[in-house]
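Let's take a look around a protein together. Keep the sequence and the 3D view handy as you read.

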Amino acid sequence: MSIREKRDQIVEELMPFEDHFERFSYIIERAKGHPPLADECKIDTFLIEGCLSQLWIFPEFKEGKCYFHTDSDAAITKGTAALLCELYSGETPEDVLSLEPGFLADVGITQHLSPNRRNGLTNVRKKIKAYAELCLRNR
């Protein structure tokens, strides 16, 4: 499945929720399926700055593709970060860089986040993008 198809699938899953509370409940439940990060991955190097809760993004590069894992001490933060990790995991660095996560606004996610959580989500994208750029340089 291409990155755009993955984006479309996420949008399709989130669009039916008319109420943002229901949408966030779904995102939180979905994030519960993501395994927690190992303690050795919860270090400052992988910590996302600008977020009130603790949020880590652990990147990996295997067989030419980027993978991202996340964990947080706040359910909604983990859930929204997990959406981005799902979208960009298993993609080439070029594909990671080619698609911005504007679909989150289209499905009513970003407008209902607090400014601090929105800032954290922006910093998740920056971290993912920076890692993809690093992978491109180090090929």
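Here is a short briefing, from the whole chain down to a few residues.

This is a predicted model, where local features need pLDDT of at least 70 and side-chain atom pairs count only at pLDDT 80 or more, while totals for chains, interfaces and linings use all residues. Residues are numbered from 1 along each chain as its sequence is written, and side-chain values use heavy atoms, with hydrogens and water left out.

**The whole chain**

- You'll find 6 helices and 2 strands in the protein chain; helices (H or I, at least four residues) and strands (E, at least two) are DSSP runs, numbered from the N terminus.
- Walk along the sequence and the pattern reads α-α-β-β-α-α-α-α.
- The radius of gyration is 14 Å, which agrees with the value near 14 Å for a compact globule of 139 residues. That radius is taken over C-alpha atoms, and the globule rule is 2.2 Å times the number of residues to the power 0.38.
- Taken along the principal axes, the C-alpha atoms fill a box of roughly 45 × 30 × 25 Å.
- Of the 139 residues, 44% count as buried (buried means under 20% relative accessible area, exposed over 50%, partly exposed in between, with a 1.4 Å probe and protein chains only).
- Take the contacts between residues at least 6 apart in sequence: 63% of them join residues at least 24 apart. Contact here means heavy atoms within 4.5 Å.

**Helix α1**

- Helix α1 covers residues 3–14, so count 12 residues, and spans 17 Å from its first C-alpha to its last, close to the 16 Å expected at 1.5 Å a residue (the expected span is 1.5 Å times one less than the number of residues).
- Which residues of α1 are buried? They are I3, K6, I10 and L14.
- An α-helix has 3.6 residues a turn, so residues three or four places apart point the same way.
- The buried residues of α1 pack against α2 (20–31), α3 (75–88), α4 (93–98) and α5 (103–106).

- K6 has a relative accessible area of 15%, so it counts as buried.
- Its side chain makes a polar contact with the side chain of E91 at 3.0 Å. A polar contact is a pair of N or O atoms within 3.5 Å; within protein, one must be able to donate a hydrogen and the other to accept it, and residues adjacent in sequence count only if both atoms are side-chain atoms.

- V96 is in helix α4, and at 0% relative accessibility V96 is buried.
- Leaving out residues up to four places away in sequence, V96 touches several residues, including I3, F68 and A132.
- V96 and A132 are 36 residues apart along the chain, yet their C-alpha atoms are separated by 6.5 Å.
- E94 also has its place in α4, but E94 is partly exposed, with a relative accessible area of 37%.
- Beyond its neighbours within four places in sequence, E94 is in contact with L136 and R139.

**T70 in strand β2**

- T70 is in strand β2 (residues 65–72) and is buried at 4% relative accessibility.
- The side chain of T70 reaches the backbone oxygen of W56 at 3.0 Å.
- Setting aside neighbours within four places in sequence, the contacts of T70 include P35, I57 and C85.
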